[in-house]
Amino acid sequence: MSAQERRPEEDGRDFADAMWSIPSYLLAGMAVYGGIGWLLDRWLDMSAFFPIGIVLGLVLAGYLAYRKFSR
Amino acid sequence: MSALTAPAPPQFQAPTPDELFNLPPIIPGVEWFTKPVLLAVLSAILVIGVTWAAFGNPKVVPRGVQNVVEYGYMFVRDQVARPFLGKDADRWMGLLLSLFFLVLVWNLSGVIPLAQFPVASHIAFPAVLAISIYVLKIYLGVKHQGGIGYFKNMMFPPGLPKFIYVLLAPIEFLSNMIIAPFTHAVRLFANMFAGHMLLAFFSMVGFWFLFEQLTPLGAPVGIIGVVMTIIFTAFEMFIQFLQAFLFAMLAAMYIGGALHPDH
Amino acid sequence: MSVLAEVSGNVTAIGYGLAAIGPGIGVGIIFGQGVQAIARQPEAYGLIRQNMLLGFVLTEALALLGLVAPFIFAGI
């Protein structure tokens, strides 16, 4: 929260950390919820859950990355 | 007529990944001993030799090869180790420096004449490095944060509403345990693979249109190919250095994350 | 009717190539403007960084959506 008492190299490290982690979070979110949706589709013989799962995973992973790194 | 190319029978064939990367063994009969293996071994010997020559008998006032390698050491220490490891930087410099130099020489062999094959464009080589970093990361994490504490710190970052942890913990787990090492290896591999394909394609264009099939219409295309080859060789050297730097930087980041729980 | 030019190989790769143009430009704009903003007003670093992250997350999500779009439409 307090930007004044942090050292600049700490900021740089955090920022680089965030930049490298965000794509992998988004991919993981898509993989988890898209995978669940795909399995649901296979089970119920439908085709709607896979896209829903992908979008849900993206939203959740984006929320996680935003909350985690914008402290 | 099904294509736009010239009607002459010998047509320009873009190089395929199979002929570029699936190289025959150097000694017939020894299946595993191919060009990338030879280059990898030579690079390792080169890195060991150069660092030995530089730091085997270090002087207070550096001269010759020690001067050059110390410059590389300073770069790795200030740009890679210190930002991510803080006060532990000096303990891990041995690993990070050898990682950086090895990957750099592997990559640079893609533009060195006669070698001209980036070792890392076979995914086995970066995969081995990434897996060893991954094992080291988990070992250090469990050692410094405890078996349960490591996974708790990883999967439940503080400062989020309670109920949403159920939804987010699998994302954290997958991203840290599977996607991170995968992208660590694939980033290096894909850059080297694509760069080698690009260089091979443009030099093939130049060679084909200027030497094999010299026609008034084809000559400008060949000149463009030669110019693009020169430009992309310079660009590739930059990318190769950048990827070696990023590989070492991500390794330092993973080690730093395992040593200290989420700040 | 003779064919003038044809595309062989996987068409979805072209689709992803097209889908990557927009996010590529977007990420460039976000970081370019973000770095410029930090250079102009270093004391607003925290706020700028937060908004850069949000923009990056949203743009990157679009790029990854383009990556999986072929799989989605193959299922329907």
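This is a predicted model: local features need pLDDT of at least 70, side-chain atom pairs count only at pLDDT 80 or more; totals for chains, interfaces and linings use all residues.
Me: Are the rings of F156(B) and Y165(B) stacked or edge-to-face?
Reply: The ring centres of F156(B) and Y165(B) are 5.6 Å apart. Their planes meet at 75 degrees. Planes over 60 degrees apart count as edge-to-face, so this pair is edge-to-face.

Me: What separates F232(B) and F235(B) along helix α8 of chain B?
Reply: These two rings pair edge-to-face, 5.9 Å centre to centre, with 85 degrees between the planes. Both residues sit in α8, which spans residues 218–259. They are 3 residues apart, so the separation is about one helical turn.

Me: What is the area buried between chain B and chain A?
Reply: On the chain B side, 24 residues are in contact with 22 residues of chain A. Carbon and sulfur atoms give 69% of the buried area. The total is about 2100 Å².

Me: Which side chain of chain A meets E172(B) in a salt bridge?
Reply: Between chain B and chain A the count is 1 salt bridge. The N to O distance is 3.5 Å, and the cut-off is within 4 Å. The partner of E172(B) is K68(A).

Methods
Residues are numbered from 1 along each chain as its sequence is written. Chains are lettered from A and ligands numbered from 1 in the order in which they are written. Side-chain values use heavy atoms; hydrogens and water are left out. Rings of Phe, Tyr and Trp (its six-membered ring) pair if their centres lie within 6.5 Å; planes under 30 degrees apart count as stacked, over 60 as edge-to-face and the rest as tilted. Helices (H or I, at least four residues) and strands (E, at least two) are DSSP runs, numbered from the N terminus. Contact means heavy atoms within 4.5 Å. Buried area is the accessible area (1.4 Å probe) that two parts lose on being put together, summed over both.
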